[in-house]
Amino acid sequence: MEQKGYAVSNTIYPLVIIAMSPAATFLYEKISMAHIFYLVAGITMVSVIVESRIHEEKEEAQDDYTWKQYCQDIREGFHYLKKEKGIRNIYTYMSITSGVSDGNTVLIQAFYQTVPWLTVTMLGFLKSAEMIGRGLGGIFQYKKEIPVKKRYVFTKFVYTVYGLMDILLLYLPYPLMLCNRFLCGALGISSATIRETAVQSYLPENMRARINAFFNMVFAIGSVAFQMAAGALGQIMSYRLAILLLATIELTAMFLLICLPAKENRPVYEAVRNAE
């Protein structure tokens, strides 16, 4: 049921993007950027109001969560990772590949805006193709469970394919670009669901929130760093070569952090939480 829950959660976002990407490209071409930002600000405020009204009934009394407690959780998560190589390897790789993905997004958008035969609308449909793949992949994960003993091998396969698809993306004709992103979306959501289920099963209950908090911070830092690096690379080389370089970093990290330390990583991917 935990895997089904992650599959549902990971499917909601792609469905929203499928609907919004074409609409966003239409607005981009018809409305000034300032008005689009006002619209985004308004929608964001609505989401904040909705989220603020979500309440959880807890049997145990709990004090307010303070900034000091948050920093303490980050420190405890860091100390836990010092002795857990498998978790450290997996999340370090994820911070790199997530950052590369964000950097590639910057380069892909610039590429579509500078190549005469490509349009912003086509970029919107490219994003939608990836999200359709993610949506169908989420449905597959809801219906079909990858055997525990095959999780690690399947994940390595997905990460390898993802890196190769990133390298090839901008060298393909547009229809194959759509297929490329669709395949990456379907495989990516499958590996993400497996990873989330396995890692949360592997972590002790008292460390799950701490590790998540620590790596949310790491992911944010990685995203900023790789987007800035992508922008810098785009200034000194072609967008195709810049993406090729970032994807090469992604594949190298996968080999060093996921493939080589199999002894430490496999137990994490094969973890199963016992029902209580």
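P267 is partly exposed, because its relative accessible area is 41%, and the cut-offs here are under 20% for buried and over 50% for exposed. Keep in mind that this is a predicted model. P267 sits in helix α10. If we leave aside neighbours within four places in sequence, P267 is in contact with Y202 and A262.

Where do α7 and α10 come together, and at what angle do they cross? Their axes come within 7 Å, and the crossing is at roughly 95 degrees. So α7 is roughly perpendicular to α10. On the α7 side the contact is made by R195, A198, V199 and Y202, and on the α10 side by P267, V268 and Y269. By type, this contact of α7 with α10 has six nonpolar residues, no polar ones and one charged.

α10 also packs on α6. Here the angle is about 110 degrees, with the axes 8 Å apart. That again makes the pair, α6 and α10, roughly perpendicular. R151, Y152, T155 and Y159 of α6 make this contact with A262, N265, R266 and Y269 of α10. The residues of the contact of α6 with α10 divide into four nonpolar, two polar and two charged.

Next, α6 with α9. α6 covers residues 151–168 and α9 covers residues 239–259. Their axes come within 8 Å and cross at roughly 165 degrees. Angles over 145 degrees count as roughly antiparallel, so α6 is roughly antiparallel to α9. The crossing of α6 and α9 is left-handed. The contact of α6 with α9 has twelve nonpolar residues, three polar and three charged. On α6 the residues include Y152, K156, Y159 and I167; on α9 they include I243, L244, L251, M254 and I258.

Two of those names, Y159 and I258, come up again in the core. The largest nonpolar core has 56 residues, and the members that touch the most others are I87, Y93, I108, Y112, Y159, I211 and I258. Which elements give two or more residues to this core? They are α3 (67–83), α4 (85–114), α5 (120–143), α6, α7 (174–202), α8 (205–236), α9 and α10 (262–269). α4 gives the most, with eleven residues. As general background, nonpolar side chains in soluble globular proteins tend to be buried together.

Take Y112 from that list. Leaving aside neighbours within four places in sequence, Y112 is in contact with L118, T119, M122, L123, L126, Y174 and M177.

Now N89, which is found in helix α4. Is N89 buried or exposed? N89 is buried, because its relative accessible area is 12%, and the limit for buried is under 20%. Again leaving aside neighbours within four places in sequence, N89 is in contact with L257, I258, P261, E264 and N265.

Last, a loop residue. K144 lies in the loop between α5 and α6. K144 is partly exposed, with a relative accessible area of 48%. K144 and K68 are 76 residues apart along the chain, and their C-alpha atoms are separated by 42 Å.

That is what I have; I will take questions.

Key: Residues are numbered from 1 along each chain as its sequence is written. This is a predicted model: local features need pLDDT of at least 70, side-chain atom pairs count only at pLDDT 80 or more; totals for chains, interfaces and linings use all residues. Side-chain values use heavy atoms; hydrogens and water are left out. Axes are lines fitted to C-alpha atoms, for helices over the stretch in contact, and angles run from 0 to 180 degrees between N-to-C directions. Helices (H or I, at least four residues) and strands (E, at least two) are DSSP runs, numbered from the N terminus. Angles under 35 degrees count as roughly parallel, over 145 as roughly antiparallel, 65 to 115 as roughly perpendicular and the rest as oblique. A crossing is left-handed if the near helix is turned anticlockwise from the far one by less than a right angle, and right-handed if clockwise. Contact means heavy atoms within 4.5 Å. Ala, Val, Leu, Ile, Met, Phe, Trp, Tyr, Cys and Pro count as nonpolar, Asp, Glu, Lys and Arg as charged, and the others, Gly among them, as polar. A nonpolar core is a set of buried Ala, Val, Leu, Ile, Met, Phe, Trp, Tyr and Cys residues joined through side-chain atoms within 4.5 Å. Buried means under 20% relative accessible area, exposed over 50%, partly exposed in between (1.4 Å probe, protein chains only).
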